[in-house]
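Reader: I have a structure to look at and would like to go through it by question and answer. Please show it first.

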Amino acid sequence: MFETAIAGSLPKPSWLAETEKLWPQWKAEGAELARAKLDATLLWIKAQEDAGLTTIGDGEQSRQHFVHGFLEQVEGIDFEHKVEMGIRADRYKAMVPQVVAPLRLKGRVHAAEAHFLRAHTKRKIKFTLPGPMTIVDTVADRFYGDRVKLAMAFAELLNEEALALQDDGVDIVQFDEPAFNVYMADAAAWGVRALERAAQGLVCTTAVHICYGYGIQANVDWKNALGDEWRQYEQVFPALAKSAIDQVSLECFHSHVPPDLMGLLKGKDVMVGVIDVASDTIETPEEVADTIGRALQFVPKERLIACTNCGLAPMKRAVAEAKLRALAQGAALARARLD
Ligand SMILES: [Zn+2]
């Protein structure tokens, strides 16, 4: 009961990349960089195990950014000529690559990290991929001319990689779809369909993470403008409840999401965000257990997984380590309270 997992990303050590940045520059190149990425992955596998998490991830140590890490292995994308684009409905500007030709995978994207992760922990492993709709919102399209067509093209590539990750021994393939919280009507109309295409044929556990973003200032400002009740999930969860996706990851602690919206996810495992990624204050086990307790009003205990609200990539390393421990200790306390 109450498995524990991170949403996906963890901070990169200062010897691997710039710290406390969303798009950090690497500190090495070539073979040295490849080695450093896996060294950092090993460090975080150990930290997650030591904290007591039941599900282990690679902390996305091998990718500069959760979307562009995948795109770098896609043919038809021009990374040489990035353009500035307002993303997530113009919430913030980013330099994004352009889609200039039909999309095709150059080869495997995450084989090295997945093999490495599987080789270095006996616990359940989760691997994250960006979701099709979020990718569409993080590239400049100069070729397809239609967001749905482009999403379906990416979904096919994601599916290829997801099936290969399953063969690598990954237990849970998770797609990250923060864009679902920005374009709610589109998410319900075609985003969930594209997500299901990306997960087609998978027999391992499938998951989707939908959040209000990293704890960067643009997101903090956006959240402050969303009012007292964040009801974005209300438009997307019914479509997800009907979908083939097994698990849904959502924000809870310190968010203004009405907890009863979790009740819309009947039949799904719910990864409840019990760790705030926008604050350096470390949650106490009591706070984590209290959040789990509130979620239990709407989520059956066998379906509740304690998770972080979002990735921890831009945080300080020591803060992230302490938050991993709080997550595991809080889940343990919640279990004890039910005994
Ligand atoms: Zn997130």
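Reader: Which residues of helix 9 meet helix 10?

Author: The model is a predicted one. On the side of helix 10, the partners are Ala326, Leu327, Gln329, Gly330, Ala331, Leu333, Ala334 and Arg337. Facing them in helix 9 are Pro285, Glu286, Val288, Ala289, Asp290 and Ile292.

Reader: How many residues of the contact of helix 9 with helix 10 are nonpolar?

Author: The residues of this contact are divided into classes, with two polar and three charged. The nonpolar class has nine.

Reader: Are helix 9 and helix 10 parallel or oblique to each other?

Author: Two packed helices are described by the angle between their axes and the distance between the axes. Helix 9 covers residues 285-295 and helix 10 covers residues 317-338; their axes come within 7 Å and cross at roughly 60°. That angle makes helix 9, relative to helix 10, oblique.

Reader: What angle do helix 1 and helix 3 make where they pack?

Author: Helix 1 spans residues 30-51 and helix 3 spans residues 111-120. Their axes are 10 Å apart. The two helices are therefore oblique to each other, and the angle is about 40°.

Reader: Which residues of helix 3 make the contact with helix 1?

Author: The crossing of helix 1 and helix 3 is right-handed. Helix 1 brings Arg35, Leu38, Thr41, Leu42, Ile45 and Glu49 to the contact. From helix 3 come Glu113, Phe116, Leu117 and His120.

Reader: How many charged residues has the contact of helix 1 with helix 3?

Author: Sorted by class, this contact has five nonpolar residues and two polar ones. The charged residues number three.

Reader: Which protein donors does the zinc ion have?

Author: The donors lie 2.1 to 2.3 Å from the zinc ion. Along the chain they follow the spacing H-x1-C-x98-C. They are His209 through NE2, Cys211 through SG and Cys310 through SG.

Reader: How many residues apart in sequence are the parts that His209 and Cys310 tie together?

Author: His209 belongs to strand 8 (residues 205-209), while Cys310 sits in the loop between strand 11 (304-308) and helix 10. Both His209 and Cys310 are buried. Because of where they lie, the pair ties together parts whose separation in sequence is 101 residues.

Reader: Is Phe2 buried or exposed?

Author: Phe2 lies in the segment before strand 1 (3-5). Its phi is near 55°, which is positive in a residue other than glycine. The cut-off for burial is under 20% relative accessible area. Phe2 has 1% relative accessibility, so it counts as buried.

Reader: Is His254 buried or exposed?

Author: His254 lies in the loop between strand 9 (247-250) and strand 10 (269-275). Although His254 is not a glycine, it has a positive phi of about 65°. With 53% relative accessibility, His254 counts as exposed.

Reader: How far apart in space are Ala188 and Val236?

Author: Ala188 lies in helix 6 (residues 184-198) and, at 37% relative accessibility, counts as partly exposed. Leaving aside neighbours within four places in sequence, Ala188 is in contact with Gln235 and Ala239. Ala188 and Val236 are 48 residues apart in sequence, but in space, C-alpha to C-alpha, they are separated by 5.4 Å.

Key. Residues numbered from 1 in each chain as written. Predicted model: local features only at pLDDT ≥ 70, side-chain atom pairs only at ≥ 80, totals over all residues. Heavy atoms only, no water. Axes fitted to C-alpha atoms, helices over the stretch in contact; angles between N-to-C directions. Helix = DSSP H or I, 4+ residues; strand = E, 2+ residues; numbered from the N terminus. Parallel < 35°, antiparallel > 145°, perpendicular 65-115°, else oblique. Contact = heavy atoms within 4.5 Å. Nonpolar A, V, L, I, M, F, W, Y, C, P; charged D, E, K, R; others polar. Donors = N, O, S within 2.8 Å, 3.2 Å for Na, K, Ca; no water. Buried < 20%, exposed > 50% of the residue type's maximum accessible area, 1.4 Å probe, protein only. Left-handed = near helix turned anticlockwise from the far one by under 90°.
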